[in-house]
Amino acid sequence: MGVVEFGSRAPAPHLDAGYPTVAVATCDPPGIHVREIWTSTSEVSAGRRDDIVYSSDGTHLFGALRLPRSDRYRDATRSAYRQLLALISDLDYPHLVRMWNYIADINRPNHRGLEIYRDFCQGRAEGFDDAGTAISARLPAATGVGAHDGGVVVYFLAERTGAALHFENPRQVPAHQYPRTYGPRSPSFARATLLPASKRLFLSGTASIIGHRSVSLGHLEGQCYTTLENIRILLKEVSEKSGGTVDLDSFRLIKGYVRHGPDASYLHQRLREVVGPRVPIEIFTVDICRSELLLEIEGVLDMRFPDHHGDA
Ligand code: 3EB
């Protein structure tokens, strides 16, 4: 349904191959470092509306857009999110499942001295407001991290049936309820989203945050430990609430982000210990949304549900 190219360049998402190709600037050596490929077993058709390229298969919609590099993203983000939400509603894939936001200069001040991430969050929250409470009550899992170039690149997955379930982490304040000290509008996302039909769990970007506070300041190993604890606690919550099973052994792919390149090998080693020898791991060196955070972890997991038709 779409391809995401993590590499040195970030041209706008395009449809030249008959499906969306999205580029995210996450590395310096020229070329494409890794491709993320979204497939479907059904027939896929692609299209473009406003600044959004998309593909759909009757059940899911994959889409992408890019906002050009700027020192103010609030209004452009609001309008892009409004367009995106209108598109999925009009095409009848109204339920967001997972969103990724890659934001260049994420920790730099905007034209008014407000951090770019906070400026982005303000526009995103307003875009959700514009769409009405039905959508803002069903915020999906997401990632919001830095990138080396490209302005703001957004790609997302939505679905038709409304079966997607969203989860919060009992050890963390829901991001949409973070206090105002973190910016004029809170980040708009849930900690994880489950697609029951495919038993797939989408884990949001997760960092060393307890309650709403960043912890283990300046300490890589401590932030890694707290982040993995956050994930373990969230997965326990998802298991309890969904009646299925999911734990740290359930990853089918995992992505890590580190602020400082030399920390990549440590995070890679820790993730390898956690997920076992066969699960793909990718580590990207980009800024993280809070300037004190050194790393963030996200991924896709396979859930198991009891088999009601079994021979037990
Ligand atoms: C956090 O927990 C860390 O703005 O979309 C994680 C996942 C984070 C998504 C977003 C931000 C976002 O607040 C940062």
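Reader: What volume does the largest cavity have?
Author: This is a predicted model. A search of the whole structure finds 1 cavity of 30 Å³ or more. The volume of the largest cavity is about 280 Å³.

Reader: What takes up the space of the largest cavity?
Author: The lining of the largest cavity counts 24 residues, with Tyr117, Tyr178, Pro187, Phe189 and Cys289 nearest its centre. Tyr117, Tyr178 and Cys289 are also among the residues closest to the ligand. The space of the largest cavity is taken by the ligand.

Reader: Which element gives the largest share of the shell around the ligand?
Author: The ligand is surrounded by 14 residues. Helix H2 (116–131) and strand E8 (141–147) each supply at least two residues of this shell. The largest share, 3 residues, comes from E8.

Reader: Which element gives the largest share of the lining of the largest cavity?
Author: At least two residues of this lining come from each of H2, E8 and strand E12 (200–206). By class the lining has 11 nonpolar, 6 polar and 7 charged residues. The largest share, 4 residues, comes from H2.

Reader: Which strand gives the most to the lining of the largest pocket?
Author: The largest pocket has a volume of about 720 Å³. Its lining has 31 residues, and those nearest the centre are Ile37, Trp38, Arg200, Arg252 and Leu253. Strands that each supply at least two residues include E3 (32–38), E7 (95–104) and E12. With 5 residues, the strand that gives the most is E3.

Reader: How many charged residues are in the lining of the second largest pocket?
Author: The second largest pocket holds about 160 Å³ of space. Among the residues that line it are Arg72, Arg74, Asp75, Arg112 and Asp119. Helix H1 (74–90) gives the most to this lining, with 3 residues. Beside 3 nonpolar and 3 polar residues, the number of charged residues is 5.

Key:
Residues numbered from 1 in each chain as written. Predicted model: local features only at pLDDT ≥ 70, side-chain atom pairs only at ≥ 80, totals over all residues. Heavy atoms only, no water. Near = heavy atom within 4 Å. 1 Å grid on protein atoms, 1.4 Å probe; cavity = no way out; pocket = protein on both sides within 12 Å on 5 of 7 lines; lining within 4 Å. Sits in = over half its atoms within 2 Å of the grid points. Points joined across faces, edges and corners; volume = space filled by probe spheres on them. Nonpolar A, V, L, I, M, F, W, Y, C, P; charged D, E, K, R; others polar.
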